[in-house]
Amino acid sequence: MTTMGAASIELRGLGFRYPDGTPALDDVDLKVDAGERVAIIGPNGAGKSTLALHLNGIHTATIGQVAIGDVEVGSRTLRDVRRRVGLVFQDPDDQLFMPTVGEDVAFGPRHAGLRGDPLRVRVGAALAAVGMEGTELVAPHHLSIGQRRRVAIATVLATEAEVLVLDEPTANLDPASRRDLLAVLDRLDCTQIVITHDLPFAAEVCRRVVLLDEGRVVADAAMIDVLGDPDLLADHRLFLPRGFDPAAV
Amino acid sequence: MDGLAPEVKLVATTAYVMAVVCTPPEAVPAFAVHAAVAIAALLLARIPARTLMRRLRIEIPFVAFAALLPVMGAAPRIDVGPLSLSQAGLWAMWGIVVKATLGLAASVVLIATTSPSQILEGCSRLRLPPTLVAIAGFMVRYGSIIGDEADRMAVARRARGDESRWFWQMRGAAAVGGALVVRSYERGERVHRAMLARGYDGTMPPAERARPNGRECGVALVLPFVSCVTALIAIVAP
């Protein structure tokens, strides 16, 4: 699968409060280069998923700015931003809402106006990129959760996304599906943001990590430096599995 | 029959059911023709009699209701053994039973040869309102997921000693039902978010319009055509 390329991401002073007044993000600055892979880690309620929803304009910034490449995320640029930024949600059943795999993968490109043979080719290529070729007519509930996760990634690859944002991509995956997912992500050349509690997985996919807690960026550094600091992790309710050596990845 | 375009099968089934419904109950020979058409379709689709009988069970409540009509109907009445039955009630019962059975047989042919997603595809190609087709699609997609969720919650409830066998023990089951409604609502919000993330702007993208060929239409529509002509004759020249 060839993507349209990769886009950079820039968040400047991003802040967000839920309608009930609960603060979710506070003065977040983040710059990710085109093609870079960055893990965002943090305890539950740190604001990781809220941040992800800002990247493709599901939440629009009330304080600060979000830019994808040279496009500022706002009501006028939503269509373009949602084509360029693909969100892969935590539960693949939330993402796969059409009756068949093929229709689901075609949903985004069809909204962008693609029809006929070019659409079929795009769907086939996106499924092939995640190792799910030939499943166009299968109903999503007939797939295993690992296969559903890969199809969920195909749904955003089909839009030729330049940025891939994965929210808890290893949730509920068995070891073999987790390994398959790693191989799929490794083959993609787009910018990747991996939001996860699975620190070994983050270490395998990304060299850079952003630690978020209570809506603020606590650390933004090389993976080895953050995972190699058990006190920093423990201060923010994160722990590596016993015996895991981040330097060995 | 599996290879026919779904929109053609939908039109054929609807035309057949309309013909059966429009036929006056008194036109008994017309129902013999309708039955022959249904049997031909069942044979062409190679549907075993056992499958048909199993699926026809759904009409039992309607048949039970219809069975009351001869007893409770108005005069004139006729004596059948020890019972005095209403003549109009007997015709009404016959009408309900024969129309429901034939209509269901046609539906059995449709669903045995067409997957739910193909039926939805056919609805789209017939230009049914996209929002309604999308809602039906979500029901197909999420019905099993919500069902599985309900099963898991029921197991969790029973694992903590709540059996809810009798009406006065329904508190646990009712709580599960309530939680399921809330969870389904929350899932709906997440699905909507996932749709927005892929460019959804309030309208579903239109379906591709593949035209079925003439032969396909001819093969599928000949049987309902026979029924439609029969119904017309039964109405015009009773």
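Biologist: Is A92(B) buried, partly exposed or exposed?

Modeller: This is a predicted model, in which local features need pLDDT of at least 70, side-chain atom pairs count only at pLDDT 80 or more, and totals for chains, interfaces and linings use all residues. Residues are numbered from 1 along each chain as its sequence is written, with chains lettered from A and ligands numbered from 1 in the order in which they are written. A residue is buried if 20 or more other C-beta atoms, placed from the backbone, lie within 10 Å of its own, exposed if 12 or fewer, and partly exposed in between. A92(B) has 16 other C-beta atoms within 10 Å, so it is partly exposed.

Biologist: Which residues is A92(B) in contact with, leaving aside its neighbours within four places in sequence?

Modeller: A92(B) sits in helix α5 of chain B. Helices (H or I, at least four residues) and strands (E, at least two) are DSSP runs, numbered from the N terminus. Contact requires C-beta atoms, placed from the backbone, within 7 Å. Beyond four places in sequence, A92(B) is in contact with L69(B) and G73(B).

Biologist: How far apart in space are A92(B) and G214(B)?

Modeller: In sequence, 122 residues separate A92(B) from G214(B). From C-alpha to C-alpha, the distance is 39 Å.

Biologist: How are α2(B) and α5(B) oriented to each other, roughly parallel or roughly antiparallel?

Modeller: Axes are lines fitted to C-alpha atoms, for helices over the stretch in contact, and angles run from 0 to 180 degrees between N-to-C directions. The axes of α2 (residues 28-44) and α5 (residues 87-113) of chain B come within 9 Å and cross at roughly 20 degrees. Angles under 35 degrees count as roughly parallel, over 145 as roughly antiparallel, 65 to 115 as roughly perpendicular and the rest as oblique. Therefore α2(B) and α5(B) are roughly parallel.

Biologist: Is the crossing of α1(B) and α9(B) left-handed or right-handed?

Modeller: α1 (residues 6-22) and α9 (residues 214-236) of chain B pack at about 10 degrees, with their axes 8 Å apart. The two helices are therefore roughly parallel. A crossing is left-handed if the near helix is turned anticlockwise from the far one by less than a right angle, and right-handed if clockwise. The crossing of α1(B) and α9(B) is left-handed.

Biologist: How many charged residues are in the contact of α1(B) with α9(B)?

Modeller: Among the α1(B) residues making the contact are V8(B), K9(B) and Y16(B), and α9(B) residues include E216(B), L221(B) and I235(B). By class, 15 are nonpolar and 2 are polar, and the charged count is 2.

Biologist: Which element gives the largest share of the side of chain B that touches chain A?

Modeller: The contact takes 24 residues from chain A and 22 from chain B. On the chain B side, α6 (116-125), α7 (130-159) and α8 (171-197) give two or more residues. The largest share, 8 residues, comes from α8(B).

Biologist: Is R148(A) buried or exposed?

Modeller: R148(A) lies in α6 of chain A. Beyond four places in sequence, R148(A) is in contact with P92(A), L96(A), P140(A) and L143(A). With 22 C-beta neighbours inside 10 Å, R148(A) counts as buried.

Biologist: Where does E214(A) lie?

Modeller: E214(A) is not a glycine, yet has a positive phi of about 50 degrees. With 15 C-beta neighbours inside 10 Å, E214(A) counts as partly exposed. E214(A) lies in the loop between β9 (208-213) and β10 (216-222) of chain A.

How values were computed: Two residues are in contact if their C-beta atoms, placed from the backbone, lie within 7 Å. Ala, Val, Leu, Ile, Met, Phe, Trp, Tyr, Cys and Pro count as nonpolar, Asp, Glu, Lys and Arg as charged, and the others, Gly among them, as polar.
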